[in-house]
Amino acid sequence: MRDRTVLWSVVALVALTVISMAIGFVWLPSVHADFTVKGLWDGICRAAGVPASWGTAAEGAPAPVRTTAVVLEPAMARPGSADAVGRGATLALQCTMCHSARGAKEANAPNLAGQYTEVVMKQLSDYQKGDRTSAIMQALAGKLSARDMQDLALYYAQLPRPKNTPVTDMGVVPPLVKTGDPMRNIAPCAACHGGMEQKLGTPWLEGMPKEYLAQQLAHFASGERRNDSHAQMRNMARALTAKEIEELAAFYARQAE
Amino acid sequence: MSSESVAVAAERRWAIVVGLIISSIILVMVFTGLHWAAMPPSRVETVDPRTLHVSGEFVENNLGTSVAADGKVVVRLVAQQYSFHPQCLLVPAGIPVTFRATSTDVIHGFNVAGTNANTMLIPGFVATFTTTFRNPGEHLMPCHEYCGTGHEAMWARVRVLPADEFRAKGGRGERLSCVPR
Amino acid sequence: MFHAKRLVLAHFWVAFAAFAVAILLGEWQMIVRSPLHAWISNPEHYYRSVTAHGTAMAYVVPTLVAMGFGYAICELALRRPLVGMRWAWAGFWLAIGGTLMASAPVAAGRATVLYTFYPPLIGSAFYYLGIVLVVVGSWIWVALMAINLRAWRKAHPGATVPLAMYGNVAGAYLWAWTSVGAAIEILVLILPVALGFKDTIDAGLARVFFSWTLHAIVYFWLMPAYIAFYTIVPRAIGGRLYSDTMGRVAFVLFLVFSMPIGIHHLFADPQVGAGFKFVHALMTAMVSVPTLLTVFTIAASVEIAARLRGGRGAFGWLEALPWENPMMLAVAFSFVMLGLGGAGGIINMSYQLNETIHNTQWVTGHFHLMFGGAIVIMYFAIAYDLWPQLTGCAPLPAGLVRAQLWTWFVGMLALTMPWHLVGILGMPRRMAYYDYTHPALEAQAWTVTASALGGAVLAVSAALLVYILWRSQRRAGTPETFEFSIPVHAAARVPAALNGFALWVGMMIALTLVNYGFPIAQLAVLKETSVPAARVGVR
């Protein structure tokens, strides 16, 4: 009695497994061109999920038009040694004219105090390669080595940010910052720029000069600035009206007072 | 004793019915697979999500709809927090369209409302599937997997054009989309 | 019962307390994303709530109910004191500690990754560690179930294990193996990143591990309900169990087939091959066998009750059923929801049909109907049935209990049917708000309102549950001796294989290795599939 139950259960399970594998790995793929091009064994491997090249990959692809050459890695956001920060401080002397000694000024240049390391590194690198344009910045960044950029970024990252109202105070925040507008595919600004989430490579914006912010949004919208990989920011900015750009720039700038 | 054998016989009959129900479900799956060559997205292909924007198939200027030399229509797109690129896809009606898509950061996914086009996008892998849009019109294409706090705002569109109108749109080598310029 | 009363009661109370909190969160989510409410001013709060609701409902509530019911079965079915009482309390406190440890980062918005984790999103390490503690607590329970069965066997050599205990231990073994997938995902893949040792994670592999747990966990949730179907319902409505053997067959089939089918959750994923997707689809069809067998056996047992009460005719016996009996009502509601949900499940598991509804509101509707409906309503029924034993209270107020079951049933249908409908229309799940002014979404707005109203009815029903249990506990009485159902044809000899687990556990592990071994091994070997982690929250 016992042996029969055991035997039949095992036989039935093995048969079921074999049949299902035969259908799934041989029969069904046999009618699908994806799986038959290189013969039976290759088809079985493909059905099993062995990575393969499926022919369509890069055929007829145009030469890449670069937007940015920077490959962001989480490691770029790590704090640096005191040594590196000191070196960065020396290098930063040539930046004080626009960005001030404390990394924040009323001029139409972005605040750098407390800016994330990987953000400053990326923008410097983009200026150097011409992926972001600015007569002054391209000239200044052109001379920097990779280490210079990192040290500069590390120096600015550890400077104290100017005092501002945190974005979490939702009462004064424009709707686009907290909820975006889904049907125009405008994500909440706070979902990347801090407040709710802080995405790698995304700058914090509070206290940036209003003209600077409005100009950058307009440049993203028109495509004049395009060093955001895969149009991450252009896709958002393009949907904004002029009034909304004004409102958003004013909001983020207002925080500085 | 006889009542027990009646009970067992009734169980047997039900077991046969269960067997028939299960086998007919499986047969429908096999039939659909064989005769419509229908499968869920089934290619396994890896890609490095860090460098998508620098080189390879998913650089920005290769995204959108392309018509290959043999007339095959391929739509390439990427998903990222919090948009698809391109944000508006242009496809022909009545012609099979192959989607190739991947993610630059976290897990995303999309479905095209009112159709069976539906896939997950996992960073590190290229998702491929082929579908045919029956009628011209416009569909919403939401991200359907939680991808962060901006997830609810991640909506794209698919515009289906009559086949001849689509062909008139552009020749070989171009990358089409309906993103307003 | 002997001395496990307080233990069981503690498990049930914590489970229902967590349940009550989680249901309020769920209803809040329904309201804020419906047209009844303006867009929530911080969408992160919505996802935070989804994380808490899912974690409580999927991990905490069913685990505690299964553990508590399991300890009760040990004493009631084996008729001997529970062995390892101290360990059982240790398991309980581990689960409580884990729940609290996981709740803190979720409440603080440091772990808004949803209860399905979704790496490369990475939240606070405490969230994952808390869940690990809950699972470790439940592993103690698994061990105690095995130890108690062995002790009983030693005292009763050659005797047939009571059906309730057989199902209970099957559920324990099922859970032990089921939880291994998510445990590996958390311990090996996620925690090293969450603790800062690594910056990359294999998102595709993590999803495969999670699918190992994610589907079979449903059968762990379901086991208490099925044990109640077989061993409590027939007795409670004055009938007999149609077949004891069929119960055993159903339990062992769950053991074998519930695990190696999880890849049907990954039909739309690009990291698993088409062949394995088909194999898992076919095996998913097999796991409906035990449910179909159960439906037959329980319907027949119910018919026996009706005929014993004088029911006549092919369908006339339905009238003779004790509809005023809460257990009768519960099992009827459970079967209706099981039928509707099962039909939807066939769509989900079908290799190709799944494409229509994958990750839409349909899926939310499906698992709320199956788990929240068919299974949880039996958790209520189990609590109502055990309460006099646990608290020594007078019989429960039948009218209130019926009202509670009715509101749960009606509320659950109102919640889930609109979800199924809009899912087919393509509405995605897990969105903090929708723009109902858009012409394509305007027509779907009423469904979200309807679901929110259904959710409100459910919240009322949950409050009623807590009130009934609380009030009853304070009214002393002298409960009758607890009995499990008696089969119609007792004393039939059970095949040895259906009195033990070795064969079935062996098949379960072997089939899992066959169905998961290759997909896991090859993703683990592929170096290039590790992607940068995305840490959630503000920096």
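# Cores, chain contacts and folds in a predicted model

Reader: Which residues touch the most other members of the largest nonpolar core?

Author: Leu174(C), Ala330(C), Ile375(C), Ile377(C) and Phe380(C) do, in a core of 301 residues. Please keep in mind that this is a predicted model, where local features need pLDDT of at least 70, side-chain atom pairs count only at pLDDT 80 or more, and totals for chains, interfaces and linings use all residues. Residues are numbered from 1 along each chain as its sequence is written, while chains are lettered from A and ligands numbered from 1 in the order in which they are written.

Reader: What makes this a nonpolar core?

Author: The members are buried Ala, Val, Leu, Ile, Met, Phe, Trp, Tyr and Cys residues joined through C-beta atoms within 7 Å. Buried here stands for 20 or more other C-beta atoms within 10 Å of the residue's own (12 or fewer is exposed, in between is partly exposed, and C-beta atoms are placed from the backbone). The largest share of the core, 22 residues, is given by helix α2 (residues 43–78) of chain C. Apart from this one there is a second, separate core of 6 residues, with Trp362(C), Val363(C), Val422(C) and Met427(C) among them. In soluble globular proteins, nonpolar side chains tend to be buried together.

Reader: Which residues does Ile377(C) touch, not counting residues up to four places away in sequence?

Author: Ile377(C) touches Ala330(C), Phe333(C), Ser334(C), Leu405(C), Trp408(C) and Phe409(C). A contact is called when the C-beta atoms of two residues, placed from the backbone, lie within 7 Å.

Reader: How many residues of chain B are in contact with chain C, and what classes do they fall into?

Author: 49 residues of chain B are in contact with 57 residues of chain C. On the chain B side, the elements that give two or more residues are α1 (2–35), β6 (108–111), β7 (118–121) and β9 (137–142). The largest share, 12 residues, belongs to α1(B). By class, this side of chain B has 27 nonpolar, 15 polar and 7 charged residues.

Reader: How many residues do chains A and B bring into contact with each other?

Author: Chain A has 40 residues in contact with 42 residues of chain B. The chain A side holds 24 nonpolar, 12 polar and 4 charged residues.

Reader: How do you know how many helices and strands there are in chain A?

Author: Helices (H or I, at least four residues) and strands (E, at least two) are DSSP runs, numbered from the N terminus. By that count chain A has 12 helices and 0 strands.

Reader: Why is chain A called more spread out than a compact globule?

Author: The radius of gyration is taken over C-alpha atoms, and the globule rule is 2.2 Å times the number of residues to the power 0.38. For the 257 residues of chain A the rule gives 18 Å, whereas the chain has 27 Å, well over that value, so chain A is more spread out than a compact globule. Its C-alpha atoms fill a box of roughly 90 × 45 × 40 Å along the principal axes, and 42% of its residues are buried.

Reader: What makes chain C as compact as a globular protein of its length?

Author: Chain C has a radius of gyration of 23 Å, close to the 24 Å that the rule gives for 539 residues, so the chain is as compact as a globular protein of that length. Its secondary structure comes to 16 helices and 4 strands. Buried residues make up 62% of chain C, and its C-alpha box is roughly 65 × 50 × 45 Å.

Definitions and conventions
Ala, Val, Leu, Ile, Met, Phe, Trp, Tyr, Cys and Pro count as nonpolar, Asp, Glu, Lys and Arg as charged, and the others, Gly among them, as polar.
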